[in-house]
Amino acid sequence: MASSFFAFVDRTKYINRWGLMRSTDPENVCEHSMQTAVLAHALAVAGRDIFGKNVSPEKIAVAALYHDASEILTGDLPTPVKYRSSDLETAYKTAEADAKERLFSTLPEGLKKGFEESIFFEEQNPELYYSYVKAADKLSAYLKCQNELASGNREFLRAHQGLESSLRKMAEENEELKWFMENVLPSYSLTLDDL
């Protein structure tokens, strides 16, 4: 039987994010995953090259690329629903873990070892996951909100404010994120002509 892993991953382009929000520019999990991988890679390179940390930007970027892979099977549950109660949060985490295992099982046997760390990075490297991938995930969501607000869509105002507060709090303990927010993030609000 043929492996279905890559066909599953290809379907991330059909899973829309921000399901409860009216978007001027719809975003799917594939787009978000790519942006998160780019941002996580940048944060990890800053960690290695500016702050002298022993991290692998390549491994972190690949882990970020697959950070929402479980949503191929679960869909994207909106944050207000996911964290509404501890019971819902626990149930969703169980569903995510099951989805990751199911997706992993569709890999050809010869590739499983090479993909294991990427798919289960959060469990195997929780400190790095939260330092880089989670920070990049929040940055990506923040940038989505920023773009929606720039398009005149005030639907994203509260999400933008919440994410900004969350990022500032994270940056107190994450020097790479703080550096990125001070040195890179402002350019995202510029027009093409001003870049």
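Predicted model: local features only at pLDDT ≥ 70, side-chain atom pairs only at ≥ 80, totals over all residues.

Colleague: Got it. Where is E27 placed?
Modeller: E27 sits in the loop between α1 and α2. The helices (H or I, at least four residues) and strands (E, at least two) are DSSP runs, numbered from the N terminus.

Colleague: And what is E27 in contact with?
Modeller: Leaving aside neighbours within four places in sequence, E27 is in contact with I15, N16, R17, W18, H32, Q35, S140 and K144. Contact here means heavy atoms within 4.5 Å.

Colleague: How far is W18 from F156, in sequence and in space?
Modeller: They are 138 residues apart in sequence and 9.7 Å apart in space, C-alpha to C-alpha. F156 is among the contacts of W18, along with S23, E27, D76, A141, K144, C145, A159 and L163, again leaving aside neighbours within four places in sequence.

Colleague: Switching to pockets: which residues are closest to the centre of the second largest pocket?
Modeller: Of the 14 residues that line the second largest pocket, D25, E27, Q35, K144 and N147 are the closest to its centre. About 230 Å³ of space lies in that pocket. On a 1 Å grid over the protein atoms alone, a pocket is an open set of points with protein on both sides within 12 Å along at least five of seven lines, a cavity is a set of points where a 1.4 Å probe fits but cannot get out, and lining residues have an atom within 4 Å of a point. Grid points are joined across faces, edges and corners, and a volume is the space filled by probe spheres set on the points.

Colleague: What about the largest pocket: what is its volume?
Modeller: About 1000 Å³. It is lined by 36 residues, and T79, K82, Y83, K134 and D137 are the closest to its centre.

Colleague: How does the lining of the largest pocket divide by class?
Modeller: It has 14 nonpolar, 7 polar and 15 charged residues. Ala, Val, Leu, Ile, Met, Phe, Trp, Tyr, Cys and Pro count as nonpolar, Asp, Glu, Lys and Arg as charged, and the others, Gly among them, as polar.

Colleague: And how many cavities of 30 Å³ or more are there?
Modeller: The search of the whole structure finds 1. About 60 Å³ of space lies in the largest cavity, and its lining is A63, Y66, H67, K100, S118, I119, F121, E122 and Y129.

Colleague: Y66, then. Which residue forms an aromatic pair with Y66 at 6.1 Å?
Modeller: F5 does, and the pair is tilted, with 35° between the planes. Rings of Phe, Tyr and Trp (its six-membered ring) pair if their centres lie within 6.5 Å; planes under 30 degrees apart count as stacked, over 60 as edge-to-face and the rest as tilted. F5 lies in helix α1 (residues 5-10) and Y66 in the loop between α3 and α4 (71-74), so the pair ties together parts that are 61 residues apart in sequence. F5 is buried, with a relative accessible area of 0%, and Y66 is buried at 13%.

Colleague: Which residues form the aromatic cluster?
Modeller: F5, F6, Y66 and F115 form one cluster.

Colleague: Last topic: how many residues are in the largest nonpolar core?
Modeller: There are 29, and those with the most contacts inside it are L43, I60, V133, L139, L177 and L185. α9 gives the most to this core, with 10 residues. A nonpolar core is a set of buried Ala, Val, Leu, Ile, Met, Phe, Trp, Tyr and Cys residues joined through side-chain atoms within 4.5 Å.

Methods:
Residues numbered from 1 in each chain as written. Heavy atoms only, no water. Buried < 20%, exposed > 50% of the residue type's maximum accessible area, 1.4 Å probe, protein only.
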